[in-house]
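Thanks for coming. I will walk through one structure this morning, strand by strand and then core by core. Please have the chain on your screens.

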Amino acid sequence: MPGLSDCTLLGVDGGATEVKAHHVSCDNLSAPHAFALAEAAAARVYPRRNGFAPLPVTQQLAEREAPQLTADEVAVGATWVSAAAEAIADTARQVGARRLIVGMGMPGLKTPTGRGIAVINNGPRIPDFLERLEQLLVEQDFELAAPIARLGSDADYCGVGEQWAEAGLFRDVENAYYVGGGTGVADALKLRGELVTFDAAREWMRKAWQIPSNQGPTFEQLVSARGMNAGYQQRIGATAPDRFPEVDALAGDPQAIAWLRDVADALAELIVERLDTVRNGRRALTHRGDDYAKLTSDHPYRGTLLDRVVIGQRIGMLYADARCRPFFADHVDAAFARRVHALEDPQLARHVLAGDAPRPGFLQASQLRAAPALGAAVSAVQAL
C-alpha cells in the first residue's frame, strides 16, 4: 500500500486497570512477513473513582443495542480514553513519530461496529471509544494513516502475536493452544494452520472464565494473575493487596507453596481439557456445569492433536522462572502427565508425553513480553 513509508506502527493493550502502548517494527507495512516489539513503550494506570461499580452484566446485555450510560460510567470512561491517548502519544513522541498506524485491544463485548465497548465486567461501557480516542490524538497533532479499525480481543491478539512475531511460538506449528494469565485468562487456538477464535468455537468450546475447575472456582479465578493473587490473599487472610504467592513461596512460606500447587493443578487441568476437547469433543463432566454440558461434542477439528501449548503473560513468566520450578512448573508438568494418562487415549499420550512428563518442547513459556499489543499492531496492518 502506498503512503506508508513515513508511518509508525503502535500496538495498544488495554486492560481493566491500565493501558499499555508499544512501538512495533514491521519488515514491510505493505506486504508484512514478520513483526517485533521495539523499545519504545508507555503505560497509564486508570485513575480510580471512589464508588464506581459496573452495572450487572445482565443489565448491560439487555441494553447492549442502546446502552443507557450512568454519570459514573461517562466520567470513568473519559479517564480510560484519556489514558489510552496519553500512552499512545507518549510512545509516539519517544520515537519522534507524528503519522501513526494504531491497533488496539480492550476487554469486554464490543459494539456492532467493533469500535466501542458495550458490555464489560470490570469497567465502564464506552460505546464511542475509538471515535473519542481518535479525536484526542488529532488534538495532540497526530495523524492516523487510517481510522483505528476496531477494538479487538486481547485473547485473540495473543494468538495473532504468537503467529506473526519473529519469536512467536505459533509460527512453526500447525496446531497449538495459548493460555495467558494476566488480569484474566487469554485463550487462543491455532488449528490446521489457521487461527480459530473462541467466539468462532463457542458451540463446542467455552472460554476459561466460563468453566468451573475441579476445585470449584472457574479456571480464570485460579489461573489468572488477578485470581491467583486474590485466592492467595483470601487463603492467608491478608488485608493488604501486596502479598504475592510466588514471592512468599520463594521465602519458604508453606501456605504459598501449597497455593501455587493448587494453581499448577488448575493450569494442567485447563490445558488437558483443551487437548481432549480438540481431539475428542467435550466430555460429560457434571462439575463443569449445565452450560458446558450443552456444548456439542462434535466439531470440525475432531481428531486433531495439538503440537504445542504456549503459556503466556504472568503465568508464563512463573512457569519459566527456574527459581519457582520446584513449587510450580514441576507440579504443572506432573499434573499434566497424570491427567493425560487418565484420559486413556494412548495415541494422545504418545504424542504429548515422554514417559511421565511432557515431551520436550510441548509446554513452552511465551517469549513475547507483550503479545496482545503486538497482535493488535498486526491486526491494524491487516486492516489497511
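**An enclosed strand and its partners**

In strand S4 (residues 99–105), seven of the seven residues are buried, so the strand is largely enclosed by the rest of the structure. This is a predicted model, in which local features need pLDDT of at least 70, side-chain atom pairs count only at pLDDT 80 or more, and totals for chains, interfaces and linings use all residues. Residues are numbered from 1 along each chain as its sequence is written, and side-chain values use heavy atoms, with hydrogens and water left out.

Some terms. Buried means under 20% relative accessible area, exposed means over 50%, and partly exposed is in between, with a 1.4 Å probe and protein chains only. Helices (H or I, at least four residues) and strands (E, at least two) are DSSP runs, numbered from the N terminus.

Which residues of S4 lie on each face? Arg99, Ile101, Gly103 and Gly105 are on one side, Leu100, Val102 and Met104 on the other, and all are buried.

Now the partners of S4; two strands pair if DSSP finds at least two bridges between them. Strand S1 (residues 8–14) runs parallel to S4, joined by six bridges, with threonine 8 opposite leucine 100. Strand S7 (residues 143–144) is also parallel to S4, over two bridges, and there arginine 99 faces glutamate 143. Strand S8 (residues 151–152) pairs with S4 in the parallel sense, again over two bridges; methionine 104 stands opposite leucine 151.

Next, an open sheet of five strands, ordered S11-S10-S9-S12-S13, with mixed pairing. Why is one side of S11 (194–196) and of S13 (363–365) left without a neighbour in the sheet? Both stand at the edges, each with a single partner strand, so one side of each has no neighbour there. Within this sheet, S9 (residues 176–181) and S12 (residues 308–312) are parallel over five bridges, and tyrosine 177 is opposite valine 309.

**Cores**

A nonpolar core here is a set of buried Ala, Val, Leu, Ile, Met, Phe, Trp, Tyr and Cys residues joined through side-chain atoms within 4.5 Å. The largest has 59 residues, and Leu189, Leu267, Ile271, Ile315, Phe328 and Phe336 have the most contacts inside it. Helix H8 (residues 254–280) gives the most to this core, 14 residues. Contact means heavy atoms within 4.5 Å. Neighbours within four places in sequence aside, leucine 267 touches Val179, Val223, Ile311, Ile315, Phe328 and Val332. Apart from that core lies another, of 32 residues, including Ile88, Leu100, Phe129 and Leu151.

**Aromatic pairs**

Rings of Phe, Tyr and Trp (its six-membered ring) pair if their centres lie within 6.5 Å; planes under 30 degrees apart count as stacked, over 60 as edge-to-face, and the rest as tilted. The count comes to four aromatic pairs. Phenylalanine 35 and tryptophan 164 have ring centres 5.8 Å apart and planes at 80 degrees, so that pair is edge-to-face. The two residues are 129 apart in the chain, phenylalanine 35 in strand S3 (residues 35–45) and tryptophan 164 in helix H4 (residues 154–164). Phenylalanine 35 is buried at 1% relative accessibility, whereas tryptophan 164 is partly exposed at 23%.

Tyrosine 46 and tryptophan 80 are stacked, 4.3 Å centre to centre with 10 degrees between the planes. Both are buried.

That is the tour; I will take comments now.
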